[in-house]
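Hi everyone, thanks for coming.

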Amino acid sequence: MASTAFTLASASPSVSLSLQDKLKAKPKLRDYGQCALFGNATKSHGRMRMVAAVNVSRFEGITMAPPDPILGVSEAFRADTDEMKLNLGVGAYRTEELQPYVLDVVKKAENLMLQRGENKEYLPIEGLAAFNKVTAELLFGADNEVIQQKRVATVQGLSGTGSLRLAAALIERYFPGSKVLISSPTWGNHKNIFNDARVPWSEYRYYDPKTVGLDFEGMLEDIKAAPDGSFILLHGCAHNPTGIDPTPEQWEKIADLIQEKNHIPFFDVAYQGFASGSLDADASSVRMFAARGLELLVAQSYSKNLGLYAERIGAINVVCSSADAAARVKSQLKRLARPMYSNPPVHGARIVANVVGNPELFNEWKQEMEMMAGRIKSVRQKLYDSLSSKDKSGKDWTFILKQIGMFSFTGLNKAQSENMTNKWHVYMTLDGRISLAGLSAAKCEYLADAIIDSYYNVS
């Protein structure tokens, strides 16, 4: 709170009680007129004025930050009272009734925790050992040689964001000057993470607006042009925001080029099992790179596939060429984590360990993931059907069906996306991305009307 000094002024010489002498900034004076707060002093000195000198804040130079481009969408949505409003901004799964969904298997895992009476003691810096074991096995496969040979350094992180940030700190400290290449476009927080860690980055071409598909040749050209030994950030599955993934054959060519250039692959895996409904299929790109003997980094998140958004549970995995190297890398990840957040939270880690480590719960989880992925595929199909039937121009909307995961990149520009919100109360990011996880079958036709109007009537 800014300090306030008071000056008394009267017919007699002014008496100053100011304490501002030590401050560089010149105080601003406010005249409060006659004041009876000083009792007898008012009578003996006649008419008096109380003047307040208010400091300029030491934080005056801090500007207002802009709203988060993704989370800010939800704030605007909540303020809208229109009954047809849709929140297609944040990537969080909703039921057909557009309500948040807590997985049944998560409730069972939490009940197990209660029955066991587990405590809330601090975890080690690297996290819960049982979690680290099952998360690495889920990603690579329990029988993978990188697991058997203990060549993976796994540290529990604060979901995907925290895991990426920890990896960025590792790059900044031990690969100074190395550049990270990220796709254009990419998840909105990737740039923030590397900027905050002071890791230089540039973009490689990914999205082709002409085809609303993958610019594969442009992607390869940019990866090839990058300095040898660069880090190449790849989306393991369900690319965010486009929903466009390379084919298995294209993944092989990407791996060929990365090996040729001695680059280091850095995967962001936020949707394992949630994209296709298959845990193994969604990890196939990562496993293919590991099978080639490449050293790589992989950030994981359980926000989507287990619905643990608020638990902030994920991991950073570093595949090394030897067990000795993995042990050293893990020690330095722990060293970096200690001043950041000391150690990670336990609740979400125990949920994952209970679900993945229990065969019965694990099978139930796979069924629930298939259900969630299936609902998203269903509304994707219905949106395509609605667009195709309503649009008489002959435009090809099949790109929607070719995309995968919870998002669809509509191809709408900023002005068209603004029209979606301002006229149709459809809240989305301004790059044209919509979250199909927030769409119900009942509102597919309404969304189709909004897209067609925005596409054809707004330039």
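Let me begin with a term: a salt bridge is a side-chain nitrogen of Lys or Arg within 4 Å of a carboxyl oxygen of Asp or Glu. And please keep in mind that what you see is a predicted model.

With that in hand, find Asp324 and Arg328. Their side chains meet in a salt bridge, 3.0 Å from N to O. Why do these two sit about one helical turn apart? Because they are 4 residues apart in helix H12, which covers residues 323-341.

How many salt bridges does the structure hold? The count is 19. Let me show you a couple that reach across the chain. Arg205 and Glu221 bring their side chains together in one of them, at 2.9 Å from N to O. This pair links distant parts of the chain, with Arg205 in strand S8 (residues 201-205) and Glu221 in helix H8 (residues 216-225), 16 residues apart. Are these two buried, exposed or something in between? Arg205 has 36% relative accessibility, so we call it partly exposed. Glu221 comes out at 47%, so that one is partly exposed too.

Now go to Glu445 and Lys390. They form a salt bridge whose closest N and O atoms are 3.9 Å apart. Here again, distant parts of the chain are linked: Glu445 belongs to helix H17 (residues 444-457) and Lys390 to helix H14, and they are 55 residues apart. Glu445 is partly exposed, with a relative accessible area of 45%, and Lys390 is partly exposed as well, at 29%.

Okay, on to the inside. The largest nonpolar core has 99 residues. Which residues have the most contacts inside it? They are Phe140, Leu234, Phe289, Leu306 and Trp365. Helix H14, residues 359-390, gives the most to this core, with 10 residues. Apart from that core lies another one, of 31 residues, including Ala169, Ile193, Phe266 and Cys320.

If you click on Trp365, you can go through its neighbours. Leaving out residues up to four places away in sequence, Trp365 touches Leu103, Val105, Leu138, Leu279, Tyr302, Asn305, Leu306, Val355 and Val356.

With a cut-off of 2.5 Å between the sulfur atoms, the count comes to 0 disulfides. Cys237 has a relative accessible area of 6%, and buried means under 20%, so Cys237 is buried. Cys444 is at 0%, so that cysteine counts as buried too.

Rolling a probe the size of a water molecule over the atoms shows where empty space is left. The largest pocket here has a volume of about 800 Å³. It is lined by 36 residues, and the closest to its centre are Leu71, Thr161, Trp187, Lys304 and Arg312. Which elements give two or more residues to that lining? Those are helix H6 (159-174) and helix H7 (188-196). H6 provides the largest share, 4 residues.

Definitions and conventions: Residues numbered from 1 in each chain as written. Predicted model: local features only at pLDDT ≥ 70, side-chain atom pairs only at ≥ 80, totals over all residues. Heavy atoms only, no water. Core = buried A, V, L, I, M, F, W, Y, C linked by side-chain atoms within 4.5 Å. Buried < 20%, exposed > 50% of the residue type's maximum accessible area, 1.4 Å probe, protein only. Contact = heavy atoms within 4.5 Å. 1 Å grid on protein atoms, 1.4 Å probe; cavity = no way out; pocket = protein on both sides within 12 Å on 5 of 7 lines; lining within 4 Å. Points joined across faces, edges and corners; volume = space filled by probe spheres on them.
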